[in-house]
Amino acid sequence: MSAIQFIGTTPSDLIQEIKKEIIPELKAELSKEFQPKEPTEYLTRQEVCEMLHIDLSSLHRWRKEGKLIAYGLGNRVYFKRNEIDELINQNRLK
């Protein structure tokens, strides 16, 4: 960002400098930080098993080993889809 000198600057010149210099830079910085978030998609145990083509016992074992994090509400168990996708991406073959 460049320095703006106020001595001898008219209000209209100041406004033009703000529009030309500060606003575009501020927009760029804000757009990096404030991206719209996608809503979290929760999957049931059965949906995760179908997605990964695994048995319920494998899912239970992975949960006990801490590979997958489960979230509970009442007596229901859910998994976040983005966490499952991250796990797959971390363990991809090279």
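## Reading the salt bridges

Trainee: This is a predicted model. How many salt bridges does a search of the whole structure find?

Mentor: The search finds 4. A pair counts when a side-chain nitrogen of Lys or Arg lies within 4 Å of a carboxyl oxygen of Asp or Glu.

Trainee: Which side chain meets Arg 61 in a salt bridge?

Mentor: Glu 65 does, at 3.8 Å from N to O. Look at the spacing next. Arg 61 and Glu 65 sit 4 residues apart in helix α3 (residues 56–65), so about one helical turn separates them.

Trainee: Are these two side chains buried, partly exposed or exposed?

Mentor: Buried means under 20% relative accessible area, and exposed means over 50%. Arg 61 has 42%, so it is partly exposed. Glu 65, at 47%, is partly exposed too.

Trainee: Which salt bridge does Lys 67 form?

Mentor: Its side chain meets that of Glu 65, at 3.4 Å from N to O. Lys 67 is partly exposed, with 45% relative accessibility.

Trainee: What about helix α4?

Mentor: Helix α4 covers residues 81–90 and holds both Arg 81 and Asp 85. They are 4 residues apart, about one turn of the helix. Their side chains form a salt bridge at 3.9 Å, N to O. Arg 81 is partly exposed at 30% relative accessibility. Asp 85 is also partly exposed, with a relative accessible area of 30%.

Trainee: Which residues do salt bridges with shared partners join into one network?

Mentor: Arg 61, Glu 65 and Lys 67. Trace it through Glu 65: its side chain meets Arg 61 and Lys 67.

Terms used
Residues are numbered from 1 along each chain as its sequence is written. This is a predicted model: local features need pLDDT of at least 70, side-chain atom pairs count only at pLDDT 80 or more; totals for chains, interfaces and linings use all residues. Side-chain values use heavy atoms; hydrogens and water are left out. Helices (H or I, at least four residues) and strands (E, at least two) are DSSP runs, numbered from the N terminus. Buried means under 20% relative accessible area, exposed over 50%, partly exposed in between (1.4 Å probe, protein chains only).
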